[in-house]
Structure formats: C-alpha cells, structure tokens
Amino acid sequence: MNKEINYNNRCPECGAPEANGLDCRGQLEQILAWEQSDPDLLGRHFWTVACFNIQHPSSFTEEAWTGLCTVFCEAYDHQLSVFDIRRKVSTWSDGPVRIRREVPADPIVRDWAMAISEVYLAGEPKGAADRVLAWSKVIRKQLVEFL
Ligand SMILES: [Zn+2]
C-alpha cells in the first residue's frame, strides 16, 4: 500500500493530517478493523474510541464531553478494568442525558500533541496497541489544562 500523508489537509479539531486518502474518522475505522487480528489492540478498544471522541468535542454536548473526560481520567489514574470502565460509561451514557449534538458545533480547536494519525501511521498495524497507550498518556496529561 502506498503510504501517503497529506499535511495540507488536516482535521480542524484533532489536527490529524489525511493519510492514504482517509480523514481522521476513516483512520479510526481502519484501526478498529485491526482489532480483529490484534488482541492487544482489542483490549484497548475503550482507549482508542475515548481518545478519538475527546479530541472531537464539537460532536458532543458540553456535559457529555466533560463526563467522558472525567471517566477517562478516572480510568487512567486508577487503571480501571474494562469491566469497571463499562459500568462507569453506562452510568454516564444511560438515561435522559443527550450525548451527541443534533447539529455539530463549530470545531473546537485545541493544540493536541498527538492525534489518531500517529496511531494509524499511514496504515501500519504493527505496534498500534502501544501507540494507543502513548496517545492516552498524552491526552491525560493535556486534559489537566483543557478541563
Ligand atoms: Zn479529527
């Protein structure tokens, strides 16, 4: 596969450049597809999706975004198991709280130090689970100033 990164075409929110013609969401879909043949990556599914969502706040209501960040930080700081995370996430996402905005807001630009493109690496599945871990670490650190 031709590995091509287009730095002129970046996501306005997470800052990820287009890679192999895929925008950041397309890159996320590829990474989720890799989970089928990578148990370590599958084990970090929560982190992959949470990192991506945290870097796209305009898709969510402010309350939902803050709620997600809180669960994320708690899970990270206390190294919660997938089971505990699920329990917290369902508490957070059940009920009448609206999560997604009906009409996306304008992009909320933050200067993220790492984006999904650095996990996707223009289509390199090897080591992706470790890169997700690195990504969650960067986001946890930056959330201190963004929350
Ligand atoms: Zn993006």
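User: Is Cys 11 buried or exposed, and how do I read that?

Analyst: Start from relative accessibility; buried means under 20%. This is a predicted model. Cys 11 has 16% relative accessibility, so it counts as buried. Cys 14 is buried too, with a relative accessible area of 4%.

User: Which protein atoms are the donors of the zinc ion?

Analyst: They are SG of Cys 11, SG of Cys 14, SG of Cys 24 and NE2 of His 56. These donors lie 2.0 to 2.3 Å from the zinc ion. Along the sequence, the donor residues follow the spacing C-x2-C-x9-C-x31-H.

User: What is the geometry of the zinc site?

Analyst: Look at the angles. The ideal value for four tetrahedral donors is 109.5 degrees. Here the angles among the four donor atoms are 100 to 117°. The site of the zinc ion is tetrahedral.

User: What span should helix α4 have?

Analyst: Count 1.5 Å a residue. Helix α4 covers residues 62-77, 16 residues in total, and should span 22 Å. Its end C-alpha atoms are 22 Å apart, which agrees. Gln 79 follows α4 and has a positive phi, near 45°.

User: Which residues of α4 are buried?

Analyst: Among them are Trp 65, Leu 68, Cys 69, Val 71, Phe 72 and Cys 73.

User: How many residues of helix α3 are buried?

Analyst: Eight of the ten, in residues 45-54, so α3 is largely enclosed by the rest of the structure. The buried residues include Phe 46, Trp 47, Phe 52 and Ile 54.

User: Which residues have the most contacts inside the largest nonpolar core?

Analyst: First the general idea. In soluble globular proteins, nonpolar side chains tend to be buried together. The largest nonpolar core here has 39 residues. Ile 54, Phe 72, Ile 116, Trp 135, Ile 139 and Leu 143 have the most contacts inside it. Elements giving two or more residues to this core are α1, α3, α4, α6 and α7. The most come from α4, with eight residues.

User: What does Leu 143 touch?

Analyst: Leave out residues up to four places away in sequence. Leu 143 then touches Ile 54, Trp 65, Cys 69, Phe 72, Cys 73 and Trp 112.

User: Where is Asn 20 found?

Analyst: Asn 20 is in the loop between β2 and α1. Check its backbone: phi is positive, about 50°, although Asn 20 is not a glycine. Ala 122 also has a positive phi, near 50°. Ala 122 sits in the loop between α6 and α7. At 5% relative accessibility, Ala 122 counts as buried.

Methods:
Residues numbered from 1 in each chain as written. Predicted model: local features only at pLDDT ≥ 70, side-chain atom pairs only at ≥ 80, totals over all residues. Heavy atoms only, no water. Donors = N, O, S within 2.8 Å, 3.2 Å for Na, K, Ca; no water. Tetrahedral: all angles 85-135°; square planar, octahedral: opposite > 155°, others 65-115°. Buried < 20%, exposed > 50% of the residue type's maximum accessible area, 1.4 Å probe, protein only. Helix = DSSP H or I, 4+ residues; strand = E, 2+ residues; numbered from the N terminus. Expected span 1.5 Å × (residues − 1). Core = buried A, V, L, I, M, F, W, Y, C linked by side-chain atoms within 4.5 Å. Contact = heavy atoms within 4.5 Å.
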